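I opened the file to look up domains, one hairpin and the nonpolar cores. My entries follow the structure.

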Amino acid sequence: MRKSARNFGHGSVVCVCNATYCDSPGAVKLPPVGQFLSFLSSKAGSRLEKRQGQVQENSTGAALRLSIVPYQHYQKIKGFGGAMTDAAAINILSLSAGAQDQLLRQYFAPEGIEYNMVRVPMASCDFSTHLYTYTDTPGDYNLTSFTLEKEDTQMKIPLLQKAQALSPRPLSLFASAWSAPAWMKTNDALTGKGSLKGQPGGPEYKTWAQYYIRFLEEYGKYNLSFWAVTTGNEPTAGEMTNYSFQALGFTPKTQRDWVAKDIGPALHRAFPETRIIMLDDNRLLLPYWAKAVLSDIHAARYIHGIGVHWYFDKFAPADITLSTTHHLYPEYFLIGTEACAGWTPLDRGVTLGSWERAEDYAHDIMEDLNNYVVGWTDWNLALNPEGGPNWVKNFVDSTIIVDQKQDVFYKQPTFYSMAHYSKFLWEGSQRVGVSYSQRSSLESSAFIRPDQSVVLVILNRSEEDIPFEVWDPAVGFLSASAPAHSILTFLWATV
């Protein structure tokens, strides 16, 4: 790790990778019962630093004890990942073949952080170099001109195929559309305030549903199948006057009726295994939006989950939005579908080595998990040092930054925030209870994996090192300390 660390003066280090070297965490083997593994990342420069320890029979006498409560069962995990945008694909493909392979391994291979989900934009979004859809021929209600673009066939699809080949498990792909073709829309444009012409059940809504089906069919020809589709990226954006990039406005009512009359039945007929995720917008809109859609039995029968973005989370307490929605509609999963750092006007673009952003990620993921969310998807898998390309110059940060000139890529501290969850929380892992012996600034979340091992993630955002012990009634006591500004993941077997 040390030889690859580079400090750009933003609080912590990035890890520099090239075609021949990268500090891969490596495959993790579960230790025998009676031993535990810990993995530490910190502002001070540790990156998934591995230690092995002995489980004790008796308490260590630490003032702070975290007890695992295995009989308190919550949601099961779906997974973690990022988005294969046009920008991500452009940046990955700008590297030499060896460096490309290295980057994809860092995300998807057993020696990497084992992402199992990828979000795929349908046609262009702001992280594209130009505006396009798959049917730009006006009046083509039969979609006879529907065709994937080179961004799909030459960029995203080959990379997704490589990612799938590297992953030991099938990747769960999900697709989100930013805008319908301009000729289907009230404003005759891909950008700005505009929604589909007519009413749900009408020709535009029916054609838009078929557009989804055609997308899935075309990707299917490349042996890529989709676990889910969302009802459309940020439907509230298309309700805003002068919105600067691609959007398609839906109200909760039109989204409800489009699902009930158009996309729901069409998808059920053509791809019955593919799930529908509603909302795909900020959690600020919950539980209001969920009530409006899911209280209608005709829409509710086609929907499986609710997608949330992390923007404005500080104004939308997780218990009031996420937990309330879960308790109202427990049969629908909640999932994080987009997040990125560097999106706010006061803290814009790429910051190489920001530990503050790593803590923002780790905190938001943990808060989501502790409020019934089943997975968390980062935004662009890779961006350039400017935070693009982005045709509207909406530059943001990414967990991997590609420096094409030097044929290297930088793994940001946020990459490791993701790793502390994605690498250890297998699909099917179930969240369980954690109780504290006294008040503490430590944040935590615990899980029992399908192999009955336990994963405990600890976040310390304070300035102090905090010693503590963990008690698992099944095995005994683990003695530990969380350094100031650190993320820790523990793993131990119970059988």
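I am working from a predicted model, where local features need pLDDT of at least 70, side-chain atom pairs count only at pLDDT 80 or more, and totals for chains, interfaces and linings use all residues. Residues are numbered from 1 along each chain as its sequence is written, and side-chain values use heavy atoms, with hydrogens and water left out.

I looked up the UniProt record, an unreviewed entry, which lists a "Glycosyl hydrolase family 30 TIM-barrel" domain at residues 77-425. UniProt annotations may be inferred rather than shown by experiment. That span is 35% helix and 17% strand, and its end C-alpha atoms lie 7 Å apart. Helices here are DSSP runs of H or I with at least four residues, and strands are runs of E with at least two. The unreviewed entry also gives a "Glycosyl hydrolase family 30 beta sandwich" domain at residues 428-490. I noted 0% helix and 62% strand for residues 428-490, with 18 Å between the end C-alpha atoms.

Strand 16 (residues 400-403) pairs with strand 17 (residues 408-411) in the antiparallel sense over four bridges; pairing needs at least two DSSP bridges. Ile400 has Lys411 as its bridge partner. Four residues lie between the strands, and Asp407 takes a positive phi near 55°.

Cores. I took a nonpolar core as buried (under 20% relative accessible area, 1.4 Å probe, protein chains only) Ala, Val, Leu, Ile, Met, Phe, Trp, Tyr and Cys residues joined through side-chain atoms within 4.5 Å. The largest has 134 residues, of which Phe108, Trp208 and Phe215 touch the most other members. Helix 4 (residues 203-220) gives the most to this core, nine residues. A second, separate core of 22 residues includes Val454 and Phe468.

Definitions and conventions: Buried < 20%, exposed > 50% of the residue type's maximum accessible area, 1.4 Å probe, protein only.
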